[in-house]
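This report describes how the parts of one multi-chain model meet.

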Number of protein chains: 4
Amino acid sequence: MELGMIGLGRMGANMAQRLLRGGHRVVGFDPDADARAAIVSHGGEAAASLQELVGLLAAPRALWLMVPAGEITDRTIQSLLPLLDAGDAVIDGGNSNYHDTLRRAQQAAQQRVDYVDCGTSGGVWGLAEGYSLMIGGDAAAVERLRPVFETLAPAADRGWGRVGPSGAGHYAKMIHNGIEYGLMQAYAEGFSILRHKAEFGFDLHQLAEIWRHGSVVRSWLLDLTADALAKNPSMDGIAPHVADSGEGRWTVAEAIALDVPAPVITQALLERLRSRDDDSYADKLLAAMRNEFGGHAVKRS
Amino acid sequence: MELGMIGLGRMGANMAQRLLRGGHRVVGFDPDADARAAIVSHGGEAAASLQELVGLLAAPRALWLMVPAGEITDRTIQSLLPLLDAGDAVIDGGNSNYHDTLRRAQQAAQQRVDYVDCGTSGGVWGLAEGYSLMIGGDAAAVERLRPVFETLAPAADRGWGRVGPSGAGHYAKMIHNGIEYGLMQAYAEGFSILRHKAEFGFDLHQLAEIWRHGSVVRSWLLDLTADALAKNPSMDGIAPHVADSGEGRWTVAEAIALDVPAPVITQALLERLRSRDDDSYADKLLAAMRNEFGGHAVKRS
Amino acid sequence: MELGMIGLGRMGANMAQRLLRGGHRVVGFDPDADARAAIVSHGGEAAASLQELVGLLAAPRALWLMVPAGEITDRTIQSLLPLLDAGDAVIDGGNSNYHDTLRRAQQAAQQRVDYVDCGTSGGVWGLAEGYSLMIGGDAAAVERLRPVFETLAPAADRGWGRVGPSGAGHYAKMIHNGIEYGLMQAYAEGFSILRHKAEFGFDLHQLAEIWRHGSVVRSWLLDLTADALAKNPSMDGIAPHVADSGEGRWTVAEAIALDVPAPVITQALLERLRSRDDDSYADKLLAAMRNEFGGHAVKRS
Amino acid sequence: MELGMIGLGRMGANMAQRLLRGGHRVVGFDPDADARAAIVSHGGEAAASLQELVGLLAAPRALWLMVPAGEITDRTIQSLLPLLDAGDAVIDGGNSNYHDTLRRAQQAAQQRVDYVDCGTSGGVWGLAEGYSLMIGGDAAAVERLRPVFETLAPAADRGWGRVGPSGAGHYAKMIHNGIEYGLMQAYAEGFSILRHKAEFGFDLHQLAEIWRHGSVVRSWLLDLTADALAKNPSMDGIAPHVADSGEGRWTVAEAIALDVPAPVITQALLERLRSRDDDSYADKLLAAMRNEFGGHAVKRS
């Protein structure tokens, strides 16, 4: 089928390319000319404006948004909706907060535009291996887009599915990322303990490789960890600074709102916050308190 | 080669069977007659005593212990060592604490018996898929046992390795299990949040299946989780009671001893303790304290 | 001075009584006739409606809200504001979310009514011991209300203060309560460990009493804990069920929003959630997962 | 009564002084001549060796150990016991691990020397305010030492008590310190959140002072925190480096051994470990993992 891809950054460009390989017609839009040139070089077409993009597609259209969550997504939707016709579909493949998705879907519905939320996992590996797609929205709309999902997924019959009504796709992706935080932190802690056990002189890359085959902890994240450990076992030059892109925070908020304790996911998020504060006021105050009651020496900064 | 397998329980019986399939000669010992009959039915031999077992093997012998960690392992070694000759090898494939391993290896060394510790992961699936083996001990001894490891592992060239001197194998397995606690807890929390989000009516098995293909959180534990969710999505009849077999505790103790914070692994352990206390004194005291300062009503038990 | 007290529940009635003892004129409003009768019996006056209340006070008026945070507070303010004159002051002494406070203060300002937020700590003991008051709002308005604060506080010169602009009072109270969660949980855990150490046969009340004098952990919460342990050391008849009234959740959300890790306050909240779920889906799934990979028996419910 | 004080460091010197003020005869021993001179200047006596010390006291003697826990305590006891007579008493007032105490008490019992363990809280403030004393050991021995405890405690009838047999005193002190970790961390987190809420411009010292009077979170630790915040509200020159002296670790180990989840105390310990690692391997590995799967940029160190 044919599809407009809005946003040709790392993720959008790869997804467009996978769709092109799958025989779809893809027209891409991105404000950046190099990004537009790239999609053309892969056999796609490019539009220099949303208006041009919409004009190049036949109704009922499918427009896939792959832009940063938040304001940019909102702005894009505000520009896009007036250009669309009833029966067109917008798919938000980004990491939008599901509350925003519910609001946007309502707005689109007023124009009888289908709004489909598609949580997309797979990162930079999705081009080659396919993406895991958690889809929310109207069942008929999702069905109409089936050829796109079947191509983006690792295989036509797996790695994708409609998981519920509007918002459900982004909700599931949010929880997916929350789990990811916990998994990553568990591995990182384990390897850190091993590295500090100097007397055994462990080769962390070797251990990761052994665990990749037959062990209970084998996983794709472990495959990647093994790769990272092979390249740079001592993590030289890498700052102990871990970013977070929002979905972990939302997972924590959602868990608490539902009265569900999620201590490991929560703690994994807090560790990321902690990683970015190398001058903790709390720790300084603790040192000062110990000095107050016990006369314990304070380390000077 | 030939090998004596001491302990023909769930794990030992499967490992013996995998070795037999691989063309090795395996003589098994177990106090239980049915267990002995079983190995014979799979083409192995059985001994009714350690003495008989040792007599059936030619020096230099390889004796693989697959008995519960702790006292039983100690008692077995005390009975076994006097029967052995210099140059024989004992492999402890169980989940022994590495401190015990260091002590036992020293004792065996006094008789010039090689003591090899082999952390073994794979559970009930190891028979079919092979075991992930983390091996500690003398390099020459490990080399001599290579045919056994190559058969037990998923493939001759992967999923096993000598990771260091005596104790290193059990140490690595301990950390492996600590990581496992964290991974399991992260998945459990995520699925629990999804289950409590009633408005989306998620099908947890479907989600697990989607994630198994292409997603960042795909793993073998997720495969198993999908299987469990397929069989019993509401977890009917299962008590919220999570056992722990010791390695999580040791991991926590070891992390603290090394001054390495491992909050997620630690918290995963504490959640297991919590799961087994349905009448928490701490929680009752908290309710009483709230009543004291704020006059907040206490729920009666 | 004179003051209208809106809400004569446990907290409002006590505060009215403390103000009456301090020589102030207090007119109370509450929909409940018994609550109105009670304030009259303590030397105050009562109004049967907000309109009557406002009519009984001379401008510039001071109206103290002591009603449940959330909707009831909002509804009361919507009814009250139209009855007020420029220069009147409304004080919200409840546990309102500071975001609500900011919004309400803006609305009041449109009528030139001062809106003062007063975080109030002390619980049922405040009547006798005075309340700790964290006040946000316009400095001149707070100054005009000084006689009220000086009477409600433990002493005229301590235990109260203007801590910042609108919202700052409720913000400080929110954090106060977050800290309270952490303190309570720390004591509860400590006493729980002691209780489980059966071989020493500790008398927990005796220990709490010893610690009340001279120890580093002495506190008012420990005084109350000692009292609770004296009455009911085994916590008989008390369910292990700990409520939370919202401020802990807000503290956790605020900490994350500020990128400040607050693991102990956060964990204390999660323990309260956990106390109220005696059939944890996460724990059941963990038990099922252990069964899947290791064949470990599952406890039946 | 008369007492030998072994160890005239910060704690021992203060305790000796408090006993002297209370009218007791105190003979102090310390290898450091200045420490010996100090006790003489306060009206006590000094001995230059354990032998001399024992010779200056009449049987049945009371010897109070106030030396660092661990090896120094063991060495002192080994030197001391041969010098003592049946009926003498040794009191260990330090932060010994209760397992060590049980072993030492058994050894002393072989000579019919009473071994009393006294958990001592109060820090540098104990001289003026008295110490909180948790005492384990033989009831008759504790009774014989009553005059000493009555003087060291804040008052003769409170702040001290025999809490159980040998080991119980040090056990209670261990838990006391575990609670202390949790309390301190809760305050530190709360003040840290307040400090980061720049828009309200909180004066943390002012808030601590307000809370000291009438609030639910008032405590002695808060008094000290207020003092620290008054002196140095921005914690200038203080490194975010929090030491731990062992009792928190033991509390965590003990809680786990008893199957009692103590997440807040545990987390408070882990935060201290974290405070001392400003180049976390786990965090670097997390950053590398994010780069692997998502192509997320890594911050360079």
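Between chain D and chain C there are four salt bridges. One pairing is that of R218(D) with E129(C), whose closest N and O atoms lie 2.5 Å apart. The model is a predicted one, and the distances and areas below are computed from it.

**Chain D and chain C**

Polar contacts across the interface of chain D and chain C join 20 residue pairs, both residues being at pLDDT 80 or more. Seven elements of chain D each supply at least two residues of the side that touches chain C: the strands β7 (132–136) and β8 (160–164), and the helices α9 (168–196), α10 (204–211), α11 (220–231), α12 and α13. The most comes from α9(D), which gives 18 residues to this side. Sorted by class, the side of chain D that touches chain C holds 35 nonpolar, 21 polar and nine charged residues.

In residue terms, 65 residues of chain D are in contact with 67 residues of chain C. The area buried between chain D and chain C is about 5700 Å², with 74% of it on carbon and sulfur atoms. Within the area that chain D buries against chain C, I193(D), F200(D) and V216(D) supply 13%, more than any other three residues.

**Chain D and chain B**

Chain D also meets chain B, with 18 residues of chain D in contact with 18 residues of chain B. About 1500 Å² is buried between chain D and chain B, and carbon and sulfur atoms give 73% of this area. Of the area that chain D buries against chain B, 36% is supplied by I256(D), P261(D) and L270(D), more than by any other three residues.

Four salt bridges are counted between chain D and chain B. One of them joins the side chains of D259(B) and R276(D), at 3.5 Å from N to O. Polar contacts across the interface of chain D and chain B number four residue pairs, both residues at pLDDT 80 or more. The elements that give two or more residues to the side of chain D that touches chain B are α12 (247–257) and α13 (263–275) of chain D. Of the elements on this side, α13(D) gives the most, with seven residues. The classes on the side of chain D that touches chain B are twelve nonpolar, two polar and four charged residues.

How are chain D and chain B placed relative to one another?

**Two domains of chain A**

Within chain A, the domain assignment gives domain 1 (2–165) and domain 2 (173–202 + 239–283). The centres of domain 1 and domain 2 of chain A, taken over C-alpha atoms, are 31 Å apart. Nine residues from domain 1 of chain A and seven residues from domain 2 of chain A make up the contact.

The two domains of chain A bury about 640 Å² between them, and 54% of it is on carbon and sulfur atoms. N95(A), N97(A) and Y98(A) supply 59% of the area that domain 1 of chain A buries against domain 2 of chain A, more than any other three residues. Zero salt bridges are found across this interface of domain 1 and domain 2 of chain A, while four residue pairs are in polar contact there, both residues at pLDDT 80 or more.

On the side of domain 1 of chain A that touches domain 2 of chain A, α5 (98–110) and β6 (114–121) of chain A are the elements that give two or more residues. The largest share of that side, three residues, comes from β6(A). By class, the side of domain 1 of chain A that touches domain 2 of chain A has two nonpolar, seven polar and no charged residues.

**Buried areas**

| Pair of parts | Buried area | Share on carbon and sulfur atoms |
|---|---|---|
| Chain D and chain C | about 5700 Å² | 74% |
| Chain D and chain B | about 1500 Å² | 73% |
| Domain 1 and domain 2 of chain A | about 640 Å² | 54% |

Definitions and conventions:
Residues numbered from 1 in each chain as written. Chains lettered and ligands numbered in written order. Predicted model: local features only at pLDDT ≥ 70, side-chain atom pairs only at ≥ 80, totals over all residues. Heavy atoms only, no water. Domains from an automatic or database assignment. Contact = heavy atoms within 4.5 Å. Buried area = accessible area lost by both parts, 1.4 Å probe. Polar contact = N/O pair within 3.5 Å; in protein donor to acceptor, adjacent residues only side chain to side chain. Helix = DSSP H or I, 4+ residues; strand = E, 2+ residues; numbered from the N terminus. Nonpolar A, V, L, I, M, F, W, Y, C, P; charged D, E, K, R; others polar.
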